[in-house]
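This report is meant for someone meeting the structure for the first time. Please look at the sequence and the model below before reading on.

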Amino acid sequence: EEEFKWLLQEEVHAVLKQLQDILKEASQRFTLPASGSGGAVKQENFVLSTSGTDHVKGVLTLQGDALCQADVNLKVPRNNQLLHFAFREDKQWKLQQIQDARNHVNQAIYMLLKRDINYQFKTGSEVLKLMDAVMLQLSRARNRLTTPATLTLPEIASSGLTKMFTPALPPDILVNFYINLNKLCLTVYQLHVLQPSTTKNFKPAGGSILHNPGAMFEFGNQRYEVSHVHKVECVVPWLNDALVFFTVSLQLCQQLKDKISVFSSYWNYRPY
């Protein structure tokens, strides 16, 4: 009983402090200034590359959770034409995945701060409940970075991203940016128009992270088929750091839960 009391009063708070420190580090990796600090978020340039193709090349500028510049060259296979697109100067593209992940981390930090060093845990189940709540936020934060949204091709075609570029994207080009683990990815879809007389069976594609050549869709009274898909990406080192911090934090939470559970089961089943 004395040992369990010590665990609740001392060790739990030591673990919570450790968790707070790790998660504050994780939160800072999202490179956004603390509210009121007034510091500008630094801009980072990343070169897009892939081992499979040189059809798409480009440089992306990331500022916190926003793509503030994108400079993309696209070699069109059918006529070897080189197209160049860049973001309009007045435009930024918010990466919702980064924003959401940061919000979940901050929510976990807030939960831990509410149980400061003066807070006295009365029962093991109270600690388990807190750990479950923190782990839920951390799992959600990690999932936002590891699981990009599934989108239909009409959703990509109608997204605000298509209006971001100068010169404007031609109607037979679609683009999508997303985060996958520690990478910032750009997918470029080249389309061809399906003529009304075509003998192909028209089957609109559903939602997907990445659509394959042959996928069909209807948009603006026109039917299209994806002819080529080019995916390029760049590693964002601080996203990698954040994912490591999430993993370490989840392990700490689980270890504390395991300890509490061992004591609780002993307490429940001890012989009288």
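## Terms and basis

Two strands are said to pair if DSSP finds at least two bridges between them. Helices (H or I, at least four residues) and strands (E, at least two) are DSSP runs, numbered from the N terminus. The model is a predicted one, in which local features need pLDDT of at least 70 and side-chain atom pairs count only at pLDDT 80 or more, while totals for chains, interfaces and linings use all residues. Residues are numbered from 1 along each chain as its sequence is written, and side-chain values use heavy atoms, with hydrogens and water left out.

## Strand 10 and its partners

Strand 10 (residues 222-235) pairs with strand 9 (residues 216-219) in the antiparallel sense over 4 bridges. Within this pairing, Glu-218 stands opposite Arg-223 of strand 10, and Phe-217 stands opposite Tyr-224 of strand 10. The hairpin that these strands form has 2 residues between the strands, and in it Gly-220 takes a positive phi near 60°.

Strand 8 (residues 183-193) also pairs with strand 10 in the antiparallel sense, over 11 bridges, and Leu-186 has Val-232 in strand 10 as its bridge partner. His-230, which lies in strand 10, is buried at a relative accessible area of 4%, where buried means under 20% relative accessible area, exposed over 50%, and partly exposed in between (1.4 Å probe, protein chains only). The side chain of His-230 makes a polar contact of 2.8 Å with the side chain of Gln-190; such a contact is a pair of N or O atoms within 3.5 Å, and within protein one must be able to donate a hydrogen and the other to accept it, with residues adjacent in sequence counting only if both atoms are side-chain atoms.

## Cysteines

The structure holds 0 disulfides, a disulfide being a pair of cysteine sulfur atoms within 2.5 Å. The sulfur of Cys-234 has its closest cysteine sulfur in Cys-185, 7.8 Å away, which is too far for a bond. Cys-234 counts as buried at 5% relative accessibility, and Cys-253 is buried with a relative accessible area of 0%.

## Helices 2 and 3

Helix 2 (residues 96-114) has 19 residues, and its end C-alpha atoms are 27 Å apart, in agreement with the 27 Å that it should span at 1.5 Å a residue; the expected span is 1.5 Å times one less than the number of residues. Helix 3 (residues 124-146) has 23 residues and reaches 32 Å from its first C-alpha to its last, close to the 33 Å expected. Among the buried residues of helix 3 are Val-127, Leu-130, Met-131, Val-134 and Leu-138.

## Cores and helix 5

The largest nonpolar core has 66 residues, and those with the most contacts inside it are Phe-30, Phe-165, Phe-177, Leu-186 and Phe-246. Helix 5 (residues 237-269) gives the largest share of this core, 11 residues. A second, separate core of 10 residues includes Leu-153, Leu-174, Tyr-189 and Phe-217. A nonpolar core here is a set of buried Ala, Val, Leu, Ile, Met, Phe, Trp, Tyr and Cys residues joined through side-chain atoms within 4.5 Å.

Lys-257 is found in helix 5 and is buried, with a relative accessible area of 17%. Not counting residues up to four places away in sequence, Lys-257 touches Leu-128, Met-131, Asp-132 and Met-135, where contact means heavy atoms within 4.5 Å.
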